[in-house]
Amino acid sequence: MNTIRSNTLPNALTTQTPSATSARALTIALVGNPNGGKTTLFNKITGKALRTGNRAGVTVNNRAAQAKNDKNTTVVDTPGVNALSPYSPEERHTANFLANTPPDAVINVLDCTRAERGLYLTSQLLQTSVPAVIALTMADTADRNDVARLQKSLADALKVPCVAIDGEQSIRRLFAECRAVASSNARDEKFCAQNRVTADRADVPCPTNRSERLTSNRSVKPRKTNFVAKLPPTNDFSPDAAVSRRKTVAELAAKLPRCESNLRQKTKKIDGVFLHRLFALPIFLFVMLAIFFLSSRGPCKMLCDIIAERLTPAIQDGIRRLLLPLSAPAITSLLADGVTSGVMSVVGFLPQIAVLSALMAALEESGYMARIALIADLPLSAIGLCGQSSVCLTLGCGCSVTAIGAAGTVKCDKMRCSTVSVVPYVPCSAKLTVIACMSAKFFDSALVAVSLYAVCLAAAALCGLLLDKFGKSTRFSAEIVELPYYRLPRPSVVGKQTLLSVGNFLKKAGTAIVATSVLLWFAQRFDFLLRQVTVADSICGSIGKFLSPLFAPLGFDDRGNGAAYAVATLTGITAKEAAIATLTVLGNGSLPEISPLGAYCWTLYNLLTVPCVATVAASVAEQGRKNALKAFCLQVLIAYAFTLFARITGKLTQYF
Amino acid sequence: MSNVLSKKIELFSTSFSSGAIPLSEGKIGQKYAICEIRADTEELLRFAALGLYVGAVIEPLFAALWGSPVAYKVADVEIALARACARIILVRSVRS
């Protein structure tokens, strides 16, 4: 594909190669619509493997890297935006970046099969003084002649170089164009400095908004073409100006040749089946079940069980045997029970995380992820969540950690935080173990276990509603979903993203899990005077006894074993199964005596309260400390309120 | 309170008497022209950036399982709008 250059640019520049101009260090920014292929282009230019996806909202922050063919050039990938208006966080971020640290050139990434959509942003970029080159993506899915015609028409109409991206050669051409426009528009640094000083002085009226700054701190004047001349000023953020801009863009788009993607027709046909009124739900449920079983059951579960039940005890035994000659039980226990169990619990999650990440990457690449949002949106919006949350909630039935790991697919920030906060209420497989153990000992009817499960789901709905009611309203972005084309997932992309997700899990959640495991090991084995004691007398035990009056209204103490059940609640933070193990130790081999109602209340409280440490770490990594803390406080409150309600209802039932 | 209510009724009747219907009631396969968007400035700008503005032509493509959201074709893009979102966009049928 040839590069079409504007007639106004010097011919000499057209033949410039990266090596010829590589003396000056350059910063080039990629700016374009969501799901326009910026990150894919960024990965091609830099040789990096950043997360990409066939949906909007994959990039949320700037990411910079050196170009692989030109170490003097830094390429910055910006979040996808539809406009440069200061409303959504991504738009603010990109606008501020262009205003405060203007790059030497901008590559405007434009999907050639959806040119009209992207030209709105292009029109705003052309009104800034940052030199731009248009990169036409998706060129490989359209007719080559159509793309060439569009390329020429765009370059002529907008007076900017335009490159169709369809291979390594086109990337080199794109780079040469960027260097050319950056060199031709070389900044007068002195002028820029003076302008910045002027703008900073209090006595001089400074540009009041971003768009004025965009054009004032550069010596280069914005390009003037017939198209740009018709546009409203960039600092006019009124709806009338936006409509006027849209109409100007529509006029231009009407004159441009159309590039039909060969994926459009295929997408229409596939949607006819996948979104069919009769087939949509069965296909959706099948995909959800497939994800659930592949990531939480089958070979993956077997591998996790082997790690947890065979490999971990073997390593712990090995460490104990190795350190036996030292005669230092505390150090041996620290390494064998604290550090090893922490590290191995992280390792135990890796098969699940890897399989899940691969499945999620494949789903995103295929374009079905956006359709999942479409199918599940209405029922989930009733509890304050959005369609994309459905994947996380389904996975939550297997493991909360993997479910929270999948929350990255939820586009809207607020919805993502809500989803991460709601997921721990869904009973995971570890919680089912607690239900099974308590049911076997204390409850006669299977309906009791079913009711526990139902109450958990009710609590999840309540949590979603509360977060929706009292949180900032951001349904707008969740209510509009762009439907990408269906594509076959590329194994290389799926592989790279799986590695990236596993690495992120190890870095963010893994370290926290190991640290907290060691801390809990210490709290369960030592008292406040740092003497090695039993669990009942340990720091954890003391805190449990201290807290037991708080749990008395919940019925934990109705047979005099309140302290044991309070301690087990605390140790349950390590892992929910650990609560049962603690109770067995404290009850000398069996669960301590408690009434069936007390057992029901204890089980319910443990199902609803703060989840295991791995889930906590994953939650903090996904939504930040502040939001995670709020969510856990809400969780404790809901757990207490529900359990208290269950106890009062139980007592009243017994009375009547 | 009654003033606000009467104003709302007036707006409602004005829109409907002139043949405008909420986009959420649009028929699949029929083309519509947007004649009003009842949203604040911020939402209007975000709608405009997506190609939804007064005068734009929009076509409902298919509805999701529960009737919401509905996928629409606007210019050269397919987007899905939740029913609540489509309800604030008033449209008029375009005869081709």
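How many of the nine residues of helix H2 (residues 38-46) of chain A are buried?

Tutor: The model is a predicted one, and that applies to everything below. Seven of the nine residues of helix H2 of chain A are buried, and the helix is mostly covered. The buried residues are Lys38(A), Thr39(A), Leu41(A), Phe42(A), Asn43(A), Ile45(A) and Thr46(A). The list holds Lys38(A) and Asn43(A) as well as Leu41(A), Phe42(A) and Ile45(A). The cover over the buried residues of H2(A) includes five strands of chain A, namely E1 (26-32), E2 (63-67), E3 (70-77), E4 (105-111) and E5 (132-137). Helix H6 (168-184) of chain A is also included in that cover. Just after H2(A) comes Gly47(A), which takes a positive phi of about 75°.

Confidence should be read alongside this. Chain A has a mean pLDDT of 79, with 86% of its residues at 70 or more.

Two individual residues elsewhere in chain A can be described in the same terms. Ser595(A) is in the loop between H25 and H26 of chain A. Its relative accessibility is 10%, so Ser595(A) counts as buried, the cut-off being under 20%. Leaving out residues up to four places away in sequence, Ser595(A) touches Asp558(A) and Arg559(A). Met344(A), by contrast in setting, lies in helix H14 of chain A. Met344(A) counts as buried because its relative accessibility is 9%. With residues up to four places away in sequence not counted, Met344(A) touches Ile307(A), Leu311(A), Thr312(A) and Ile315(A). Of these, Ile307(A) is 37 residues from Met344(A) in sequence, while the C-alpha atoms of the two are 7.4 Å apart in space.

Helix H14 leads on to the open spaces of the model. The second largest pocket holds about 1400 Å³ of space. It is lined by 48 residues, and those closest to its centre are Ala308(A), Ser345(A), Thr574(A), Ala575(A) and Glu577(A). Seven helices of chain A give two or more residues to this lining: H13 (298-323), H14 (329-366), H17 (400-405), H19 (429-442), H22 (491-525), H25 (576-586) and H27 (613-655). The largest share, nine residues, comes from H13(A). By class, the lining of the second largest pocket has 22 nonpolar, 17 polar and nine charged residues.

Searching the whole structure gives ten cavities of 30 Å³ or more. The volume of the largest cavity is about 120 Å³. Its lining has 14 residues, and the closest to the centre are Ala115(A), Pro257(A), Arg258(A), Cys259(A) and Asp76(B), a set that includes a residue of chain B. Seven residues of this lining are nonpolar, one is polar and six are charged.

The second largest cavity contains about 100 Å³ of space. Of its 14 lining residues, Tyr120(A), Gln124(A), Asp236(A), Phe237(A) and Arg245(A) lie nearest the centre. Helices H4 (115-126) and H10 (239-255) of chain A each supply at least two residues of the lining; H10(A) gives the most, with three. The classes in the lining of the second largest cavity are eight nonpolar, four polar and two charged.

That leaves chain B. It has three helices and six strands, which follow one another from the N terminus as α-β-β-α-β-β-β-α-β. The chain has 96 residues, of which 46% count as buried. Taking contacts in chain B between residues at least 6 apart in sequence, 59% join residues at least 24 apart. Chain B exposes about 4800 Å², and 57% of that is supplied by carbon and sulfur atoms.

Notes
Residues are numbered from 1 along each chain as its sequence is written. Chains are lettered from A and ligands numbered from 1 in the order in which they are written. This is a predicted model: local features need pLDDT of at least 70, side-chain atom pairs count only at pLDDT 80 or more; totals for chains, interfaces and linings use all residues. Side-chain values use heavy atoms; hydrogens and water are left out. pLDDT is the predictor's confidence in each residue, from 0 to 100. Helices (H or I, at least four residues) and strands (E, at least two) are DSSP runs, numbered from the N terminus. Buried means under 20% relative accessible area, exposed over 50%, partly exposed in between (1.4 Å probe, protein chains only). Contact means heavy atoms within 4.5 Å. Accessible areas come from the Shrake-Rupley method with a 1.4 Å probe; for residues, only the protein chains shown count as cover. On a 1 Å grid over the protein atoms alone, a cavity is a set of points where a 1.4 Å probe fits but cannot get out, and a pocket is an open set with protein on both sides within 12 Å along at least five of seven lines; lining residues have an atom within 4 Å of a point. Grid points are joined across faces, edges and corners, and a volume is the space filled by probe spheres set on the points. Ala, Val, Leu, Ile, Met, Phe, Trp, Tyr, Cys and Pro count as nonpolar, Asp, Glu, Lys and Arg as charged, and the others, Gly among them, as polar.
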